[in-house]
Structure formats: C-alpha cells, structure tokens
Amino acid sequence: GFDDNKYYDLYDMVKNVIGSDDPKYSTNQTEDGTTINLFPVRKFTVPVDENLVKTNGTVHAGDSVVKELQINMSQGKNYLLKNDLAIYAVIAANKWKRPICFTSTQELGNLGLDKYVRLTGLAYQLVPVLNGGVDNETSYKTVMDNFAYGGADKQGVYYDEENRRHLNSIRLAVSQIAMSLVQSGKKDSAKNVLESFDKHVLESNFPYGMTSNRGNQQDFISVNFMEAAFAAGDTALAKKVEASVKKDLQQQMKYYKSLGDNPGVPDEQIAEQAYMMMQGKGGNLSDRQTQFIQDIVSSYQMLMRIDQMDKQYSSSQGAVPAEKVQPTIINKPPAQKSDTKTKK
C-alpha cells in the first residue's frame with residue numbers, strides 16, 4: 001500500500017505505477033466496464049541536479065535552490081486527464097535539461113506546481129526555487145524587445161471578447177513585472193514597461209475602464225496596472241488609468257442602484273447588502289439586483305481601493321506599497337477533455 005503522508009518519486013510513479021499493466025494498479029469502476037489506471041498518491045518529489053540548473057540558466061546566482069520539488073496535488077482533484085498526466089510525465093522525464101514553461105497559473109495550482117514557477121514575460125517557467133516571483137531581467141527584455149500587441153496601436157481596430165482577454169493577460173503581466181521592478185529599486189525600468197504598454201495599446205481600442213465578465217476582470221487588472229504606475233512614480237499614467245476605471249466603476253454602481261427601489265441609496269449600503277447575500281446571510285436587494293451581487297461588491301471594493309491609493313501616493317509621494325499586488329487568475333479556455341481518465 002501507499003502512505004498518504006509520504007512523498008513518492010514522480011518518475012517512478014508515472015513509469016511503474018500509472019504506466020503499469022499490473023491489475024493491482026487498475027480498477028473496473030466505470031459504468032461501461034473500462035479499465036482505469038490508478039494514481040494512488042497525491043504527493044510527489046522531483047530531484048534537482050543543482051550543478052545542472054545553475055550551469056544551464058534555469059536558476060540565477062543568489063537563488064536558493066531546493067534539493068527536490070515537493071509537489072502536493074490538490075485535494076479536490078480526484079482524477080487526472082491525459083493533459084495532466086502529460087505535464088507530470090514531461091517534468092519527470094526532463095530532468096532539468098530543457099526549460100518547461102506554462103502560460104497560466106490556473107491549472108498549476110491543482111497540480112501542485114504553482115509554488116515552483118517564475119514569470120519571465122508572458123510565460124511561467126518551472127524553477128527549483130520556492131515562490132520565484134518574477135525574473136526581472138528576462139521579463140524586462142522580453143517586454144521591451146519582443147512583446148507584440150496585434151495592431152492595438154492602430155486607430156479603429158476592433159477587439160472582441162476573446163481578444164480582449166488576451167490583451168488583459170498582457171496588461172496583467174506588465175503590471176506584475178513593473179511592480180516587481182519597483183520593489184527591486186528599478187523604478188525607471190518599471191516606468192518603461194508600463195509606458196510601453198500604454199503606447200502600443202490605444203485606449204480607444206482597449207479601454208482601461210470597461211465593464212466585463214469574469215469578476216469585473218478588466219477593471220481589476222487595470223487597477224493593478226494603476227497601482228504599479230503609482231508605485232513607479234508615473235503619476236501621469238496612473239491618473240490616466242484612474243480616470244477611465246473610476247468612471248466605469250461609478251457608472252456600474254449607478255446602474256446596479258437603478259435596478260432597485262431606491263436608486264439614491266449610498267454605494268456602501270448596496271455593497272453591504274450584496275456582500276451579505278454572497279455570504280448567504282440575507283441581504284435586502286431587488287430580484288434584478290441579486291443577479292449582479294458579485295459585480296456590485298467588486299465595483300465598490302475597487303472604488304475603495306482607488307481612494308486608498310490616492311491618499312497613499314499623494315501623502316507618501318509614490319512610496320512602494322507594503323504588500324505586493326496580488327495577481328488575478330486569468331481564466332483560460334477549459335482543457336480539452338479526454339475519453340481516458342486516470343482515477344485517483
């Protein structure tokens with residue numbers, strides 16, 4: 001049997017347990033009688049060749065390199081599809097010879113890999129370093145030399161929802177990189193990456209403030225971008241973003257209030273009621289308003305965050321905030337489902 005509290009070598013598990021034809025590692029639990037291979041543990045290790053990762057550029061001088069990755073698969077993940085297995089197999093067999101990169105941290109959390117990635121531009125590279133954050137030097141060069149924006153600097157280009165999502169991914173990455181540069185004392189470099197985005201993406205094509213789905217994602221990312229601009233001392237750009245986002249959020253709140261019996265109610269009051277409903281604790285809103293409770297709460301919270309920023313940066317003259325901007329999770333298209341599952 002396997003011990004749930006023990007870590008097992010990932011290469012050995014993928015090759016000799018999941019890949020085994022031994023009946024003790026499989027089950028016939030499906031309705032149509034299909035045999036499914038078992039993945040009997042949630043904790044894995046991947047050994048690290050410290051000399052190799054230092055010589056081939058996987059890590060940098062000064063990095064605190066771990067002796068092995070300790071991967072804890074999410075407790076809520078009860079089966080693995082082929083795409084999940086493929087990721088584990090590539091990591092296990094690669095043995096740090098080539099870079100392994102991901103475009104989103106969303107799936108990485110379920111697979112227990114999110115604590116071992118480092119942002120290098122738009123990609124997250126697997127590294128044997130805990131909470132590697134942002135590779136400032138590589139990211140800066142990538143943004144300034146290699147980022148392309150799909151014609152967003154040309155007047156009158158239309159971006160549909162899917163393409164706005166991609167531009168949002170770029171805006172978020174730029175925000176994170178800029179904030180990391182600020183915290184490393186490189187405000188000028190932070191300004192450069194922020195100004196580069198602003199120059200290449202016309203506001204008329206892709207506004208900073210724009211009502212969107214996915215939890216008010218576009219405004220949320222723009223508020224992060226604004227905070228990075230404030231922190232970098234680029235007050236002009238921060239104020240430009242603020243004017244756009246604040247106008248959109250105020251219009252959203254006005255609309256949500258118009259759906260109720262008392263459109264003149266203060267923002268704080270409707271936000272409190274919406275928050276109570278989200279917590280399952282009642283809340284006195286009209287039926288039409290209840291469809292927007294998450295948007296009401298997020299809009300109000302962002303307006304409060306903007307007010308706090310205004311006070312903080314006007315009084316501290318652009319001091320770096322104590323806490324790092326927390327990245328939002330970019331929703332990726334759902335993984336292509338495979339007919340073959342591997343049961344946990």
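This is a predicted model: local features need pLDDT of at least 70, side-chain atom pairs count only at pLDDT 80 or more; totals for chains, interfaces and linings use all residues.
Let me start in a loop: Trp96 sits between helix 3 and strand 7, residues 101–102. The phi of Trp96 is near 65 degrees, a positive value, and the residue is not a glycine. Most residues other than glycine have a negative phi. Is Trp96 buried or exposed? Trp96 counts as buried, because its relative accessibility is 7% and the cut-off for buried is under 20%.

Now step back into helix 3. Helix 3 covers residues 82–94, and it packs against helix 1, residues 10–18. The angle between them is about 125 degrees, and the axes are 8 Å apart. So helix 1 is oblique to helix 3. The crossing of helix 1 past helix 3 is left-handed. Which residues meet there? From helix 1, we have Leu10, Tyr11, Val14 and Ile18. From helix 3, the partners are Leu85, Tyr88, Ala89, Ile91, Ala92 and Ala93.

Next, helix 8. Helix 8 runs over residues 213–231, which is 19 residues. From first C-alpha to last, helix 8 reaches 27 Å, close to the 27 Å expected at 1.5 Å a residue. How many residues of helix 8 are buried? The count is 15 of 19, so helix 8 is mostly covered.

Stay in helix 8 for Asn216. Asn216 is not a glycine, but its phi is positive, about 60 degrees. Asn216 is buried, because its relative accessible area is 0% and buried means under 20%. Just after helix 8 comes Gly233, with a positive phi of about 85 degrees.

Last stop: Lys43. Where does Lys43 lie? Lys43 is in strand 4, residues 43–47. Its relative accessible area is 22%, so Lys43 is partly exposed. In sequence, Lys43 and Asp4 are 39 residues apart. In space, their C-alpha atoms are 7.5 Å apart. What does Lys43 touch, leaving out residues up to four places away in sequence? The list is Asp4, Asn5, Lys6, Tyr7, Tyr8, Ile71 and Asn72.

To recap the positive phi values: Trp96 is near 65 degrees, Asn216 is at about 60 degrees, and Gly233 is at about 85 degrees. Trp96 is in a loop, while Asn216 is within helix 8. That's my tour. Over to you.

Definitions and conventions. Residues are numbered from 1 along each chain as its sequence is written. Side-chain values use heavy atoms; hydrogens and water are left out. Helices (H or I, at least four residues) and strands (E, at least two) are DSSP runs, numbered from the N terminus. The expected span of a helix is 1.5 Å times one less than its number of residues. Buried means under 20% relative accessible area, exposed over 50%, partly exposed in between (1.4 Å probe, protein chains only). Axes are lines fitted to C-alpha atoms, for helices over the stretch in contact, and angles run from 0 to 180 degrees between N-to-C directions. Angles under 35 degrees count as roughly parallel, over 145 as roughly antiparallel, 65 to 115 as roughly perpendicular and the rest as oblique. A crossing is left-handed if the near helix is turned anticlockwise from the far one by less than a right angle, and right-handed if clockwise. Contact means heavy atoms within 4.5 Å.
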